[in-house]
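I opened this entry to record what I looked up in the model. My interest was the fold as a whole and then one pair of packed elements.

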Amino acid sequence: TTLFRSSGIRTIAIKFVESIIITLSPRTLDSDIPKRQENDISLDRIPKDHPYIKYDSLRDEGKSALEKLLKFMVHPAISSINLTTALGSLASIARQRPMFMSEVIQAYEALHANLPPTLAKSQVSSRSEE
């Protein structure tokens with residue numbers, strides 16, 4: 001049960017990182033924002049010249065969080081549930097922040113070419129059929 005618990009914690013952490021990335025990046029005209037998140041804070045609501053809140057530092061933190069999520073997704077020991085969660089989070093990030101679309105597509109392509117060895121053969125064949 002310890003393995004399940006830590007996998008569950010990682011799943012929650014992935015969703016948390018997703019929210020950090022979305023919050024610490026600006027919305028654009030092409031952003032697809034779910035109704036329930038229309039009033040959520042995002043970086044575009046912060047003036048770039050705010051005297052206390054450093055826009056560029058926050059944007060860099062969001063980009064760094066995305067890079068860490070992308071690295072986690074291709075880790076050879078990732079569980080299937082965490083991989084599924086990460087794929088869903090990346091899809092959500094790409095829809096809400098189109099400026100990250102190319103990184104997300106590249107990550108999907110890299111994953112397709114090198115599926116983690118922790119996935120059972122049946123999981124690999126069902127993922128390949130999607």
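I took helices to be DSSP runs of H or I with at least four residues, numbered from the N terminus. The model is predicted, and I read every value below as computed from it. With that definition, I found five helices and zero strands in the protein chain. Along the sequence, the pattern reads α-α-α-α-α.

I next looked up two totals for the protein chain. Of its 130 residues, 32% are buried. I also took the contacts between residues at least 6 apart in sequence, and 66% of these join residues at least 24 apart.

I then turned to helix H3, which covers residues 80-96.

Last, I examined how H3 packs with helix H4, residues 101-113. I noted an angle of about 155 degrees and axes 9 Å apart. Angles over 145 degrees count as roughly antiparallel, and H3 and H4 are therefore roughly antiparallel to each other. The crossing of H3 past H4 is left-handed. From H3, I recorded Leu83, Leu87, Leu90, Ala91 and Ala94 in contact with Met101, Val104, Tyr108 and Leu111 of H4. By class, this contact comprises nine nonpolar residues, with no polar and no charged ones.

Technical notes:
Residues are numbered from 1 along each chain as its sequence is written. This is a predicted model: local features need pLDDT of at least 70, side-chain atom pairs count only at pLDDT 80 or more; totals for chains, interfaces and linings use all residues. Side-chain values use heavy atoms; hydrogens and water are left out. Axes are lines fitted to C-alpha atoms, for helices over the stretch in contact, and angles run from 0 to 180 degrees between N-to-C directions. Helices (H or I, at least four residues) and strands (E, at least two) are DSSP runs, numbered from the N terminus. Angles under 35 degrees count as roughly parallel, over 145 as roughly antiparallel, 65 to 115 as roughly perpendicular and the rest as oblique. A crossing is left-handed if the near helix is turned anticlockwise from the far one by less than a right angle, and right-handed if clockwise. Contact means heavy atoms within 4.5 Å. Ala, Val, Leu, Ile, Met, Phe, Trp, Tyr, Cys and Pro count as nonpolar, Asp, Glu, Lys and Arg as charged, and the others, Gly among them, as polar. Buried means under 20% relative accessible area, exposed over 50%, partly exposed in between (1.4 Å probe, protein chains only).
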